[in-house]
Amino acid sequence: MIQITIPTPDVTIHKQKDPELSNIYGFTDFHLISRDKAGIFMFYNDRDELLFVGKARKLRPRIKKHFEDTVSIMKNYRGEVTKIEVCIVEDPVHREIYETFIINELKARYNIDKVLYK
């Protein structure tokens with residue numbers, strides 16, 4: 001049997017209620033997320049329920065794209081996201097395994113690919 005442990009987040013950012021600084025959907029701390037590192041990211045709502053899990057070779061641009069893109073699976077749910085957790089995972093095989101494991105273990109609400117728990 002293979003044992004997989006969900007990695008501890010390296011960065012967690014929270015949505016601000018009334019942000020005074022420039023923001024994207026209330027998030028002002030995107031600068032804390034590495035621009036050039038690879039890893040996985042998780043979007044949570046205000047009840048700490050997992051909404052979406054993704055992976056990226058370059059984390060910050062990929063996460064921002066979910067908030068700006070017109071074709072993102074999250075485009076209709078962006079307002080629900082109140083917390084973003086990021087785990088640095090450089091190995092592409094490990095990213096794939098963690099993403100699939102987290103989607104199915106924590107039952108991410110808006111992931112439609114890689115779902116095995118239906």
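Two strands count as paired here if DSSP finds at least two bridges between them. Helices (H or I, at least four residues) and strands (E, at least two) are DSSP runs, numbered from the N terminus. Within this pairing, F43 has I84 of strand 4 as its bridge partner.

A word on what is loaded: this is a predicted model, in which local features need pLDDT of at least 70 and side-chain atom pairs count only at pLDDT 80 or more, while totals for chains, interfaces and linings use all residues. Residues are numbered from 1 along each chain as its sequence is written, and side-chain values use heavy atoms, with hydrogens and water left out.

**Zoom out to the whole chain.** The chain has 2 helices and 4 strands, in the order β-β-β-α-β-α from the N terminus. Its radius of gyration is 14 Å, close to the 13 Å that the globule rule gives for 118 residues, so the chain is as compact as a globular protein of that length. That radius is taken over C-alpha atoms, and the rule is 2.2 Å times the number of residues to the power 0.38. If you draw a box along the principal axes, the C-alpha atoms fill roughly 50 × 30 × 25 Å. Colour by accessibility and 40% of the 118 residues count as buried; buried means under 20% relative accessible area, exposed over 50%, and partly exposed in between (1.4 Å probe, protein chains only).

**Select strand 2, residues 39-44.** Here 6 of the 6 residues are buried, so strand 2 is largely enclosed by the rest of the structure. Look at one side for G39, F41 and F43, and at the other for I40, M42 and Y44. Strand 2 also pairs with strand 3, antiparallel, over 6 bridges, and G39 stands opposite A56 there. Follow the hairpin between strand 2 and strand 3, with 5 residues between the strands, and stop at D48, which takes a positive phi near 60°.

**Next, strand 1, residues 11-14.** Strand 1 pairs with strand 4 (residues 83-88) in the antiparallel sense over 4 bridges, with H14 opposite K83. Step on into the loop between strand 1 and strand 2 to find K17, which is exposed at a relative accessible area of 81%.

**Finish at the largest pocket.** Select F52, V53, E99, N111 and D113, which lie nearest its centre among 14 lining residues. Strand 3 (50-56), helix 1 (59-68) and helix 2 (92-105) each give two or more residues to the lining, with the largest share, 4 residues, coming from strand 3. By class, the lining has 6 nonpolar, 3 polar and 5 charged residues; Ala, Val, Leu, Ile, Met, Phe, Trp, Tyr, Cys and Pro count as nonpolar, Asp, Glu, Lys and Arg as charged, and the others, Gly among them, as polar. The volume is about 210 Å³, meaning the space filled by probe spheres set on grid points joined across faces, edges and corners. A pocket is an open set of points on a 1 Å grid over the protein atoms alone, where a 1.4 Å probe fits, with protein on both sides within 12 Å along at least five of seven lines; lining residues have an atom within 4 Å of a point.
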